[in-house]
Amino acid sequence: MSDQSVTTLVEAGVSFTSTPENELSHGHCIPITGKLLHLGAAPSLGTDTDTAVSGEILTAARIALVHQRGIDHQQHRRTTGMMSATASVTGKQALSWATVEGARALGLADRVGCLESGMQADLVVIDARALNLWPAHDPIATALHAGLANIEAVMIAGRWRKRDHSLIDANVDEVKSDLLASGERLARKLKAVAP
């Protein structure tokens, strides 16, 4: 998209969702993050093709963050010969793309996306005692660098859906069986149409 097209859409109140892992790995386009940031806007994040990419929203946040920082370093290097001494995008911004901006893109910012009085009780509890996060000096960086294995608990609308690293009220074996059957069905169809 041209800069003018993005500007026109932002001014019209359009929201953008970037799926950086999918966009970069499949060659669709360069994530729109930088263009939006220059206009005072921000993307929400998605994962798109979960059969081809991780499907982890925090991975999408990290990829969007480092990709934009890489572009900024490259531009700074062109003009000064050195990398940029300051980050143009913060970890807090990247985390907000997965939370506040996601809620805004879905039209739910008045109910979800942040922790405030009167908002729906949606929480993700990260166990920062794991070696990949320890010692956790910065809560934003810790959250941003967490993986699925670090998510100890999840509350949706005030109801715990995961506790002590285990799903609650979910028949995981049945879900796995359904996923296996679905994957096998898709693989059969792909083999049938392959040259």
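Helices (H or I, at least four residues) and strands (E, at least two) are DSSP runs, numbered from the N terminus. The structure is a predicted model, in which local features need pLDDT of at least 70 and side-chain atom pairs count only at pLDDT 80 or more, while totals for chains, interfaces and linings use all residues. Residues are numbered from 1 along each chain as its sequence is written, and side-chain values use heavy atoms, with hydrogens and water left out.

Gln 74 belongs to helix 4. With a relative accessible area of 41%, Gln 74 is partly exposed; on this scale buried means under 20% relative accessible area, exposed over 50%, and partly exposed in between (1.4 Å probe, protein chains only). A separation of 34 Å lies between the C-alpha atoms of Gln 74 and Ala 109, which are 35 residues apart along the chain. Thr 19, in the loop between strand 1 (17-18) and helix 2 (20-26), is by contrast buried, its relative accessible area being 13%. Leaving aside residues up to four places away in sequence, Thr 19 touches Gly 46, Thr 47 and Asp 48, where contact means heavy atoms within 4.5 Å.

A nonpolar core is taken as a set of buried Ala, Val, Leu, Ile, Met, Phe, Trp, Tyr and Cys residues joined through side-chain atoms within 4.5 Å. The largest such core has 14 residues, of which Leu 45, Leu 65, Ala 94, Leu 95, Trp 97 and Leu 144 touch the most other members. Two or more residues of this core come from each of helix 4, helix 5 and helix 7, and helix 4 gives the most, with 5 residues. Beyond residues up to four places away in sequence, the contacts of Leu 45 include Ile 57, Ala 94, Trp 97 and Ala 98.

Strands were counted as paired if DSSP finds at least two bridges between them. An open sheet is formed by 4 strands in the order 3-4-5-6, with antiparallel pairing. Strand 3 and strand 6 (166-167) are at the edges and have a single partner strand each, so one side of each is left without a neighbour in the sheet. Strand 5 and strand 6 run antiparallel and are joined by 2 bridges; Arg 163 has Ser 166 of strand 6 as its bridge partner.

Pockets were located on a 1 Å grid over the protein atoms alone, a pocket being an open set of points where a 1.4 Å probe fits, with protein on both sides within 12 Å along at least five of seven lines; lining residues have an atom within 4 Å of a point. Grid points are joined across faces, edges and corners, and a volume is the space filled by probe spheres set on the points. The largest pocket holds about 1,400 Å³ of space. Its lining comprises 40 residues, with Ile 57, Ala 98, Thr 99, Leu 123 and Val 124 the closest to the centre. Helix 5 provides the largest share of this lining, 5 residues. By class the lining divides into 27 nonpolar, 8 polar and 5 charged residues, where Ala, Val, Leu, Ile, Met, Phe, Trp, Tyr, Cys and Pro count as nonpolar, Asp, Glu, Lys and Arg as charged, and the others, Gly among them, as polar.

The second largest pocket contains about 340 Å³ of space. Met 1, Ile 30, Pro 31, Ile 32 and Lys 35 lie nearest its centre among 15 lining residues.
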